[in-house]
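Student: I would like to learn how to read the features of a structure one at a time. Please show me where to start.

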Amino acid sequence: DVVADGGLGGIAAIVGLHCEPKLDVGTIGLRSGAISSAADMAVITLSGPGGHTARPELTVDLVGLAANVVADLPGRVASEVAHLDADHAALVKVVFGSIHAGDAANVIPTHCTLKASIRTPSLPVWDQLPGIFEHELRSVVAGSGAVVDVEYTHGVPPVVNDATVTALVGEAAGAAFGDTSVVEVEQSWGGDDFAWFTRDVPGTYVRLGVRDPEGPTLDLHAGHFDVDERAIAIGVKLLTSTVDRFFTDPGRS
């Protein structure tokens, strides 16, 4: 919406910071090119007549069918991606985070809802994923007697960091904190809507170290996640140093 409303009009470059609990505070993680992955979501609804668990052969066992979907669909999607491009065979993850069906142990429900995330670091694969996902889903469900509905949300593309802007931030970080503070990071399987900005203007997404060197390494989305708050001042200084370097570079007007 920001891009569509002209929010990036006249912007020469854009820089964002993201917490990185795998890096100690004071460390700046950079990467030129793709630094995150495309991330989609799908809501699958399976419907059937329902029935009694004593007579599953007379109805559609939606819970059993859902188990088949969870077990079989990720591999089928990965296999189809391999047919699309052998180099991208391992570049897709289908992971289910939610399954809801029924309330009683002895009743086969009439509806089952599954929610999945679908990720790939490959932009060519991302373009093909909605069709691949739905085709393979219907293949798993085919012949079961269930009605299947899928709501696929084509989410965000990978964040692709511009080489020139990334180098600028690296120079600013080196000058502000020393060259040893800058490290190269790997492409993440996580998705981020900062991707829409970097598709519109040159930019870079920075991994800002927030781990207390004397504390544990915490997952970014853990319930007990915490940061070393010294990272706040470091992030501010990094951004201001980058802006200052951008406008004092004699090659820019």
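Student: In which helix does Thr198 lie?

Tutor: First, the ground rules: this is a predicted model, in which local features need pLDDT of at least 70 and side-chain atom pairs count only at pLDDT 80 or more, while totals for chains, interfaces and linings use all residues. Residues are numbered from 1 along each chain as its sequence is written, and side-chain values use heavy atoms, with hydrogens and water left out. Helices (H or I, at least four residues) and strands (E, at least two) are DSSP runs, numbered from the N terminus. Thr198 lies in helix α4, residues 195-200.

Student: Is Thr198 buried or exposed?

Tutor: Buried means under 20% relative accessible area, exposed over 50%, and partly exposed in between, with a 1.4 Å probe and protein chains only. Thr198 has a relative accessible area of 12%, so Thr198 is buried.

Student: Where is Asp162 found, and which residues does Asp162 contact?

Tutor: Asp162 sits in the loop between β10 (160-161) and α3 (163-177). With a relative accessible area of 27%, Asp162 is partly exposed. Neighbours within four places in sequence aside, the contacts of Asp162 are Ser32, Pro202 and Gly203. Ser32 is 130 residues away along the chain, yet the C-alpha atoms of Asp162 and Ser32 are separated by 6.2 Å.

Student: What does Asp162 do at the start of α3?

Tutor: Look for side-chain atoms that approach backbone nitrogens. A side-chain oxygen of Asp162 comes to within 3.0 Å of the backbone nitrogen of Thr164. A polar atom of the Asp162 side chain also lies 2.9 Å from the backbone nitrogen of Val165.

Student: How many residues does α3 have, and how far does α3 reach?

Tutor: The expected span of a helix is 1.5 Å times one less than its number of residues. α3 has 15 residues and reaches 21 Å from its first C-alpha to its last, close to the 21 Å expected. Just after α3, Gly178 takes a positive phi of about 100 degrees.

Student: Which elements do the buried residues of α3 pack against?

Tutor: The buried residues of α3 include Val165, Leu168, Val169, Ala172 and Ala173. The buried residues of α3 pack against β1, β2 (28-30), β10, β11 (182-184), β12 and α5 (230-248).

Student: How should I read α1, and where does α1 bend?

Tutor: Check the span, then the axis. The 23 residues of α1 (residues 62-84) should span 33 Å, and the end C-alpha atoms are 31 Å apart, which agrees. The bend at a residue is the angle between axes fitted to the seven residues ending there and the seven starting there. α1 bends by about 35 degrees at Asp72, and a proline, Pro74, follows within four residues.

Student: Which residues of α1 are buried?

Tutor: An α-helix has 3.6 residues a turn, so residues three or four places apart point the same way. In α1 the buried residues are Leu62, Leu65, Ala66, Val69, Leu73, Val77 and Val81. The buried residues of α1 pack against β4 (38-47), β6 (93-101), β7 (107-108), β8 (111-120) and α2.

Student: How many salt bridges does the structure hold?

Tutor: A salt bridge is a side-chain nitrogen of Lys or Arg within 4 Å of a carboxyl oxygen of Asp or Glu. The whole structure has 6 salt bridges. One of them joins Asp24 to Arg211, with the closest N and O atoms 2.7 Å apart. That pair links distant parts of the chain, Asp24 in β1 (residues 14-24) and Arg211 in β12 (residues 203-211), 187 residues apart. Another joins Arg138 to Glu134 at 3.0 Å. Arg138 and Glu134 are 4 residues apart in helix α2 (residues 123-141), so about one helical turn separates them.

Definitions and conventions: Contact means heavy atoms within 4.5 Å. A polar contact is a pair of N or O atoms within 3.5 Å; within protein, one must be able to donate a hydrogen and the other to accept it, and residues adjacent in sequence count only if both atoms are side-chain atoms.
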